[in-house]
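I opened this notebook to keep track of what I looked up in one structure, topic by topic.

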Amino acid sequence: GLMKVTYVGAGAFGVLGQARELLAHATLAIDLEIALYDLNIERAHAMRTMIRRAPEFAGSNARITCTHGLDRALDGADFVQLTACPWRHANNRRSTELCYWYGWIGSDNVSPNGAFCSLRSATLALDVARRMERCSPTGTLIVFTNPIPVLTAAVNRHTRIRAVGICGGQRNYIHNIAHMMGWHDLNWGLDAEVAGINHFSWIMSLTLDGEDFLPRLDARWREGLDWDHIDTIGNADVLRRTFPRERYAGETFGAILYSCEYDGLPHLCFYDEEVMRLRPAVKPPIAPEDARGDPGRRSGKNFITMATSDLPPDFWTYDHRRAKAWDREPYPAQVATRMIRGLVGDMPRERVTTSYLNQGAVAGFPDDVVLEYSTVFSSDGISHDRTYTLPPATVGVSRALAEFQTLTADAIAESDRRKFLQAIYAYPMCRDCRKVEAFVKEMCVINNDELPAFMK
């Protein structure tokens, strides 16, 4: 029968690659509707045009629809993917700077600023989920908006909708290991079992075509990395900073980082160094920022123009050395499609790394907190192959971060300002009441035009 996949925030560049991947699987595309919803309807129409221009759409029976109404987009959806970024980038930039000024990492995920981002993004996720309870009560919400664990927890703990969080980590570690090994091509035969918290997860096992790969990776580190090769990579400056940190953590704690987002590993052993690297020289102004120069608006206009322009001959060809945000990546990197294929029974089972309710997957954590781990999707539902035990030195920090994210989710779902303040204190680096109280007050000023009523 008809399968409907709805994208909320359909103007996001990555929607194009994900829609192409759905269309590429013949059994999924037989009777498929891809519904596009975005507050910027012009950008949603541009996305529909680009999907229809994609080579995977040719000969397909799929319907690509746009709608002004969110309820209509959600009606009867089997899967709803939240890709919207609901906060103003201008406000978030200043909030990030203020976080670093106070001495804390300021990312949109594992940080106090991540909690403030949640005030917008988790509010949106809950709105979508509550609408789904009416319009598509058996649908699954796929969360691809930061902070992924907070949104996933808010929906699973406070609505009847099942929500699963996905991240680029399924792709990132393949890239990272290729760069560490000095390979010029990616090897999708690598398979990691993972457990932890999104951006702070650890490799439990690593195989290449079924063989243990960890001894080869360790030997490569002992020989020394090929930095001349790494310097040819587009983000070489980032890799030169993160790879030695990953090696230090591996040698010191026996903890091999899964994915190299900058806001994760510092919580284990590089926190002050990372904060001082990005701390502004002067305190940022405590006022909302003018959004007229927002780069997100410029990129959106460029995408709209591209949708009706002539495309270069190699536009639809994937090359990891010049990968674009809208590329269709190799199937092992397509977490959402693999989830869908597993849940609808198109594949017997799919095991991919996602954020979901623990339910016994990671030892020592409550079942009802959201963690990131190797999750199994099948027609029987969502499960895991075994119970994972985190490396000892990572457990305490992970528990604190899980409490921080869970309290943030609960505070937003319950409109509880006091609980939100408790969440900030639960963040393991926030322990001084003068700093926390002053920080929260100033963040509320910066973000005043976007705060939910309970925070004003």
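**Ground rules.** I noted that this is a predicted model, in which local features need pLDDT of at least 70 and side-chain atom pairs count only at pLDDT 80 or more, while totals for chains, interfaces and linings use all residues. Residues are numbered from 1 along each chain as its sequence is written, and side-chain values use heavy atoms, with hydrogens and water left out.

**Pocket.** The lining has 15 residues, and Met 180, Leu 217, Trp 221, Glu 246 and Ile 256 lie nearest the centre of the pocket; a lining residue has an atom within 4 Å of a point. Two or more residues of this lining come from each of helix 8 (169-181), helix 9 (214-223) and helix 11 (236-253), with helices (H or I, at least four residues) and strands (E, at least two) taken as DSSP runs numbered from the N terminus. By class I found 10 nonpolar, 2 polar and 3 charged residues in the lining, counting Ala, Val, Leu, Ile, Met, Phe, Trp, Tyr, Cys and Pro as nonpolar, Asp, Glu, Lys and Arg as charged, and the others, Gly among them, as polar.

**Helix 11.** I then followed helix 11, whose 18 residues should span 26 Å at 1.5 Å a residue, and whose end C-alpha atoms are 25 Å apart, which agrees; the expected span is 1.5 Å times one less than the number of residues. Its buried residues are Ala 236, Leu 239, Thr 242, Phe 243, Arg 245, Glu 246, Arg 247 and Ala 249, where buried means under 20% relative accessible area, exposed over 50% and partly exposed in between, with a 1.4 Å probe and protein chains only. These residues pack against helix 8, helix 9, helix 10 (227-230), helix 12 (266-269) and helix 13 (271-278), contact meaning heavy atoms within 4.5 Å. After helix 11 comes Gly 254, with a positive phi near 65 degrees.

**Cavities.** How many cavities of 30 Å³ or more does the whole structure have? My search gave 3, a cavity being a set of points where a 1.4 Å probe fits but cannot get out. The largest cavity has a volume of about 70 Å³, and helix 11 gives the largest share of its lining, 4 residues. Among the residues that line the largest cavity are Arg 241, Thr 242, Arg 245 and Glu 246. The lining of the largest cavity has 5 nonpolar, 1 polar and 5 charged residues. The second largest cavity has a volume of about 50 Å³, and strand 10 (350-357) supplies at least two residues of its lining, as do helix 8 and strand 7 (190-197).

**Aromatic rings.** I counted 16 aromatic pairs in the whole structure; rings of Phe, Tyr and Trp (its six-membered ring) pair if their centres lie within 6.5 Å, and planes under 30 degrees apart count as stacked, over 60 as edge-to-face and the rest as tilted. Tyr 102 and Phe 439 form an edge-to-face pair, 5.4 Å centre to centre with 75 degrees between the planes. Tyr 102 lies in helix 5 (residues 89-102) and Phe 439 in helix 18 (residues 433-446), so this pair ties together parts that are 337 residues apart in sequence. Phe 116 and Phe 439 also pair edge-to-face, because their centres are 6.0 Å apart and their planes are at 90 degrees. Here Phe 116 of helix 6 (residues 112-135) is linked to helix 18, 323 residues apart. Both Phe 116 and Phe 439 are buried.

**Backbone.** Most residues other than glycine have a negative phi, and most peptide bonds are trans. I noted a cis peptide bond from Asn 146 to Pro 147, with omega near -10 degrees. Pro 147 sits in the loop between strand 5 (140-143) and helix 7 (148-158). Gln 359 has a positive phi near 50 degrees and is partly exposed, at a relative accessible area of 40%.

Key:
On a 1 Å grid over the protein atoms alone, a cavity is a set of points where a 1.4 Å probe fits but cannot get out, and a pocket is an open set with protein on both sides within 12 Å along at least five of seven lines; lining residues have an atom within 4 Å of a point. Grid points are joined across faces, edges and corners, and a volume is the space filled by probe spheres set on the points.
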